[in-house]
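Here is a friendly tour of one protein chain, written for someone who likes to know how each value was defined. Please have the viewer open and follow along.

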Amino acid sequence: MQLKLSFATAEKPRHKRGAADVRKPGLPGKRTCEVPKAKAKLSLSGSARMEEVAERLDEAFAKVAANKGAPGPDRQTIKEVCVYWLKVKAELHRSLLNGSYQPGEIRRKWIPKGSGGGQRGLGIPNVIDRIVQEAVRQVLEPLYEPTFHRSSHGFRPNRGCQAEIAEAKGYVEEGYEIVVDLDLEQFFDRVHHQRLMARLTQRVEDKRLLVLIGRMLKAKVVMPDGVKTATAEGVPQGGPLSPLLSNIVLDEFDQELSRRGLRFVRYADDVNIYVGSERAGKRVMASVERFIEKRLRLKVNASKSAVAPPETRHFLGYRLHRQPDGSVEVLLSERSMKRLRDRVLELTPRSLGWPLKAIIKRINEYLQGWLGHFRVCTQRIKYQVGKTDAHIRRRLRAIILKHWKRRRTMARRLIRLGVKPRTAWRGIYNGQKSIGALSHSPAVDRGLRNAYFAERGLVSLLERFEEIWATISAPKQLTLF
């Protein structure tokens, strides 16, 4: 049966609890919530065993707590589990070893897809189930990670999209200028359970662990309207174990492409195969599609897949363009630029009543994350990021003018900022200009200069990219480790 904890949940509290639940150490009669420190990793040899999973619960809980995350269907938060962790761990340890542990249900949450069409379903397990999944992942990963293909980059330690783009760039430089761009339709919802379990059985000998993973795959899903549905196929996106299981499934595909001598890169369910001609690309597309549908029992999304030059395809937000001299530029895709523009608009509404410092902080947080993903772009994006910087400053100028409200106040503030009085008064009162029009008028540009925002900490994408380009040459920057 499913693990039942004796402490109160968010749905059935024993008493009202607030911030005092996590109590300060040293007070008599008070409980202290302290996430356990991760122990040194156990050395694994041979097949994974349930005992190893049970011994990793502390380390798994530390990882789950660091990732934070929302509660599952039982509404128990990480903080609540933390308070009673010693008792929870003892019950988990016992139930895992004797085989009585039953995973709870999974909460379905719909989020918009990044491509702008449709929704993606996340499956959020209970906190306790996430801990168990993480412990299983830590035991299985050392068994499978060394044998995964080097061209698989998604959800793997010390790998990421930058390494994948570097590898793809190398193939285009070698003259493979046509890409077979494959997208697997609803991959995480279509994983065939029997095929996945058969792959696991090849290396995992402990039947208790196999039974546990099978139960996790079959856990019921609670939809947003409360309806519970059975799970016949798929691995829910949202649990710590799902990425590893997806790579185990698709490793068979990677090895098949490698056996055929094809040059490819894969990130999760997005696959790019690089060939020398369009004719070869169509032939590869047809044969690979047959393998995916007949052997893996998955489906290729025809509307998102194509045989085309790489500069026309969106891959992890990038596109690759081969220059006449044979060099390859790493550029932003049109979709990435549109997302950046749309996000800037969301972060800078003119009606926002926040202080300028708080607005800039929010913008910087987004730009830092964006830069972390796209830092391998080459210098041909200089014009695009420069325009983005100018657009952000113009939006901030409009917000400042909105804060100043009256035109008389606008003119006086601009004069204080060093604008000549005649220029300030004429610039503000010359015609019935909207706030948007005033935000890029000469008077406002002179008063609210670029340096004005730089002094207040606004991140400049162009300056950050120029620092990267100045310190790291493009070939070294894109070296695949």
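This is a predicted model: local features need pLDDT of at least 70, side-chain atom pairs count only at pLDDT 80 or more; totals for chains, interfaces and linings use all residues.

Residues are numbered from 1 along each chain as its sequence is written, and side-chain values use heavy atoms, with hydrogens and water left out.

Phi of L316 is near 55°, a positive value in a residue other than glycine. For background, most residues other than glycine have a negative phi. L316 is buried, with a relative accessible area of 18%; buried means under 20%, exposed over 50%, and partly exposed in between, with a 1.4 Å probe and protein chains only.

N158 is not a glycine either, and its phi is positive at about 60°. Its place is the loop between α5 and α6 (161-173). Is N158 buried or exposed? N158 counts as exposed because its relative accessibility is 82%.

**The chain as a whole**

The chain holds 21 helices and ten strands. Of its 481 residues, 49% are buried. A contact means heavy atoms within 4.5 Å. Among contacts with a separation of 6 or more, 73% join residues 24 or more positions apart. The accessible surface of the chain comes to about 24700 Å², and carbon and sulfur atoms own 50% of that surface. Such areas come from the Shrake-Rupley method with a 1.4 Å probe; for residues, only the protein chains shown count as cover.

**Helices around α5**

Two helix pairs share α5 (residues 127-144) as a partner. Axes here are lines fitted to C-alpha atoms, for helices over the stretch in contact, and angles run from 0 to 180 degrees between N-to-C directions.

| Pair | Axis distance | Crossing angle |
|---|---|---|
| α4 (residues 85-98) and α5 (residues 127-144) | within 12 Å | roughly 55° |
| α2 (residues 57-67) and α5 | 8 Å | about 115° |

α4 passes α5 in a right-handed crossing; a crossing is right-handed if the near helix is turned clockwise from the far one by less than a right angle, and left-handed if anticlockwise. On the α4 side the contact uses W85, V88, L92 and L96, and α5 supplies I128, I131 and V132. Those residues divide into seven nonpolar, no polar and no charged. In this scheme Ala, Val, Leu, Ile, Met, Phe, Trp, Tyr, Cys and Pro are nonpolar, Asp, Glu, Lys and Arg are charged, and the others, Gly among them, are polar.

The helices α2 and α5 are roughly perpendicular to each other, and α2 also makes a right-handed crossing with α5. Here L57, E59, A60, F61, K63 and V64 of α2 meet R130, I131, E134, A135 and Q138 of α5. By class, this contact has six nonpolar, one polar and four charged residues.

Which residues of α9 are buried? They are L209, L210, L212, I213, G214, M216 and L217.

I292 lies in helix α11 (residues 278-295) and counts as buried, at 0% relative accessibility. Beyond four places in sequence, I292 touches L182, L184, F253, R297, L298, K299 and V300. I292 and L184 are 108 residues apart in sequence, while their C-alpha atoms are 8.8 Å apart in space.

T388, in helix α14 (residues 382-404), is buried too, with a relative accessible area of 7%. Leaving aside neighbours within four places in sequence, T388 is in contact with M337, L340 and L461.

D445 belongs to helix α18 (residues 442-447) and is partly exposed, with a relative accessible area of 30%. Not counting residues up to four places away in sequence, D445 touches R397, S439 and H440. From D445 to L414 the C-alpha distance is 9.6 Å, across 31 residues of sequence.

Note on methods
Helices (H or I, at least four residues) and strands (E, at least two) are DSSP runs, numbered from the N terminus. Angles under 35 degrees count as roughly parallel, over 145 as roughly antiparallel, 65 to 115 as roughly perpendicular and the rest as oblique.
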